[in-house]
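Here is a short report on one chain.

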Amino acid sequence: MTIAFTRRTLLATATGAIAVLAGCLSGGLPGQPPRPTPDRSLFVGAFHWGYTMLAGDGTPRTSVTVSEGDVIRLVAFNMEAETATGRLPRTVRANLPDHERLEAANDADVPAPADGTLEEARTVANQRYPDHSVALVPSGGYGGMMGRGGMGRGGMPFHPLFLGHDASTPVEVTFDAAVPDEYSLSCMTYCGYGHPYMDLDDALVVR
Ligand SMILES: [Cu+2]
């Protein structure tokens, strides 16, 4: 599969310690070793067509830089999934962008279709293709990964997490930032006209 990265986003560096968040999202499955305490939590909301990312303290981020070996907890959700977003920590929920800001982001990043407006395309997508997913992929493609220990080393989640519009909980994954590189968030679930533009370039930088 070819993944087109059509946008460049500004790099921002995360500062400060991220609180470890307790509650319904914590705890492993029975029979599995306890999860390591995350060094950072990242919250990622999917919409037509993009991602909004927030640090564990609710600060919006377009990119987060972590250290090699840090344990990252990624909590992802579809912005339309009200039950799922209702389970997010209050500080994160309070800082989720509203509809108008998301649509403004679209206008900047997604070219209008030749045969209509973005607004029309979004309406169709919301009705017919309401689901998304998120995968963490090396920004430069998978080629560079092979020389650095290969895909998935240290459990980095290169498989997509499905983000249903009617999901009742956020999807959570904990992984080691094992391989220094720049990583982008990318949608692997067809979600209508703007799907090819649905990525957040260099969302995670491992140094
Ligand atoms: Cu998509």
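## Terms and source

Two residues are in contact if their C-beta atoms, placed from the backbone, lie within 7 Å. This is a predicted model: local features need pLDDT of at least 70, side-chain atom pairs count only at pLDDT 80 or more, and totals for chains, interfaces and linings use all residues. Residues are numbered from 1 along each chain as its sequence is written.

## The chain overall

The chain holds five helices and ten strands. Helices (H or I, at least four residues) and strands (E, at least two) are DSSP runs, numbered from the N terminus. Of its 207 residues, 31% are buried. A residue is buried if 20 or more other C-beta atoms lie within 10 Å of its own, exposed if 12 or fewer, and partly exposed in between; these C-beta atoms too are placed from the backbone.

Among contacts with a separation of 6 or more, 76% join residues 24 or more positions apart.

## The nonpolar core

A nonpolar core is a set of buried Ala, Val, Leu, Ile, Met, Phe, Trp, Tyr and Cys residues joined through C-beta atoms within 7 Å. The largest one here has 39 residues. Leu-42, Phe-43, Val-44, Ala-46, Met-53, Ala-76 and Val-134 have the most contacts inside it. Elements giving two or more residues to this core include strand E1 (40–47), strand E2 (50–55), strand E5 (71–78) and strand E10 (199–206).

What does Met-53 touch, residues up to four places away in sequence aside? Its partners are Leu-42, Phe-43, Val-44, Arg-61, Thr-62, Leu-200 and Ala-203.

## Strand E1

Eight of the eight residues of E1 are buried. One side carries Arg-40, Leu-42, Val-44 and Ala-46. The other carries Ser-41, Phe-43, Gly-45 and Phe-47. Both faces are covered.

Strands pair if DSSP finds at least two bridges between them. E1 and E5 run parallel, joined by seven bridges. There, Ala-46 has Asn-78 of E5 as its bridge partner. E1 and E2 pair in the antiparallel sense over six bridges. Phe-43 is bridged to Leu-54 of E2. Two residues lie between E1 and E2, which form a hairpin.

## Val-66

Val-66 sits in strand E4 (residues 64–66). Why does Val-66 count as buried? Because it has 20 C-beta neighbours inside 10 Å.

Leaving aside neighbours within four places in sequence, Val-66 contacts Arg-40, Ile-72, Ala-177, Leu-204 and Val-206. Val-66 and Ala-177 are 111 residues apart along the chain, with their C-alpha atoms separated by 7.6 Å.
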